[in-house]
Amino acid sequence: MEKVLNQLVERLQKAYGERLVSVVLYGSAAADDRQARFSDFNVLSVLSEITPRELDCAGEIFGWWREHGSASPLLLTEDEMAASTGSFAIEFNDIKRRHRILYGRDVVTPLVLHNGFYRAQVEHDLRAKLLRLRQKACGMMSDADLLRRLLLDSVSTFCVLFRHALVLHGVDAPDTKRAAIEGARQHFGIDPLPFERLLDVREERVKPREVEPVPLLASYLQGIAAVIAALDRQVNPQ
C-alpha cells in the first residue's frame, strides 16, 4: 500500500496545488496495527480552503481511493482542525498519538487538545455502540455468519474506546488492540477471551468458522458494560 499512498498524495497535489497544506496518515496503519481484511487506511487532507471547487476536485480521487478499499479521506482546513479538537476529542487524541505526515507541513504536533468533553464522548460512544450492537444482534441470533461478522466489525471500535477509557483511568495509552484488551482486563476486570478470539480471526490466526459467535456474545457484552460501569464510577463514586 505504500505505493498507493504515494499515488494518493500525487493525485491530491495535482488537484489542489498550493492549496494542499498537508496529508496525514493516522489510525492503525500509522501504528502498524492494521489488519488488511478489516481496516481502512485513514487519511486526513488539510487544505487552505474548502469550497465547492475543492469538493469537485475530490470526487474522482476519492472514488479511486475507495476502489482500493478505504474510506474517503477527511477534508479539513487548518483552522477547522484547531477549532475541532474539543468536539472530536477521541479522534484528535488518536490522530495526535498515532500519525505519519505523508506530505507537507506537520499540522498535527502543534495541535492543542481541549479535553473538556473527552470523558463524555468516550462514555457516550461506548453506550451508543453497545446499544447499536444489541439492536443489530437481535436479528442475527439464528445466523452465525451474520453475527460473527457483526462482532468482527465491532471489535476494533471497542478496542479504540477501551484505550481511551484506560487513558481516562490514568493509564498510558496502549499501542495495539491486544494491549488495550489486556489493559481492560487488568483495570476493569473484563474477560478478554471474546475480544482476543475475534482479533485472532481478524489477524488470520484462525478461520472465521472456528469461532462460534453465540457463546462469545454474553461475555463480549458484559466486557463492554464493565468498562462503561468503571467510567461511571469515576464520575459518580459510591
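Two strands pair if DSSP finds at least two bridges between them. Helices (H or I, at least four residues) and strands (E, at least two) are DSSP runs, numbered from the N terminus.

The model is predicted: local features need pLDDT of at least 70, side-chain atom pairs count only at pLDDT 80 or more, and totals for chains, interfaces and linings use all residues. Residues are numbered from 1 along each chain as its sequence is written, and side-chain values use heavy atoms, with hydrogens and water left out.

**Exercise 1. Describe the sheet and the pairing of strand S1 with S4.**

Step 1. The sheet is open and has four strands, ordered S3-S2-S1-S4, with mixed pairing.

Step 2. Strand S3 (74–77) and strand S4 (99–104) are the edge strands, since each pairs on one side only. From one strand to the next, the twist averages 25°.

Step 3. Strand S1 (residues 20–26) pairs with S4 in the antiparallel sense over five bridges. Leucine 25 has arginine 100 in S4 as its bridge partner.

**Exercise 2. Determine how helices H4 and H6 are arranged and which residues meet.**

Step 1. Axes are lines fitted to C-alpha atoms, for helices over the stretch in contact, and angles run from 0 to 180 degrees between N-to-C directions. The axes of helix H4 (residues 89–97) and helix H6 (residues 144–168) come within 11 Å and cross at roughly 90°.

Step 2. H4 is therefore roughly perpendicular to H6 (the term covers angles of 65 to 115 degrees).

Step 3. Contact means heavy atoms within 4.5 Å. Ile90, Asn93, Asp94 and Arg97 of H4 meet Val160, Leu161, Arg163 and His164 of H6.

**Exercise 3. Characterise the largest pocket and its lining.**

Step 1. On a 1 Å grid over the protein atoms alone, with a 1.4 Å probe, a pocket is an open set of points with protein on both sides within 12 Å along at least five of seven lines; lining residues have an atom within 4 Å of a point. A volume is the space filled by probe spheres set on the points. For the largest pocket, this volume is about 820 Å³.

Step 2. The lining comprises 31 residues, and Asn42, Asp94, Ser156, Thr157 and Val160 lie nearest the centre of the pocket.

Step 3. Strand S2 (42–47), H4, helix H5 (118–138) and H6 are the elements that give two or more residues to this lining. H6 gives the most, with eight residues.

Technical notes:
Angles under 35 degrees count as roughly parallel, over 145 as roughly antiparallel, 65 to 115 as roughly perpendicular and the rest as oblique.
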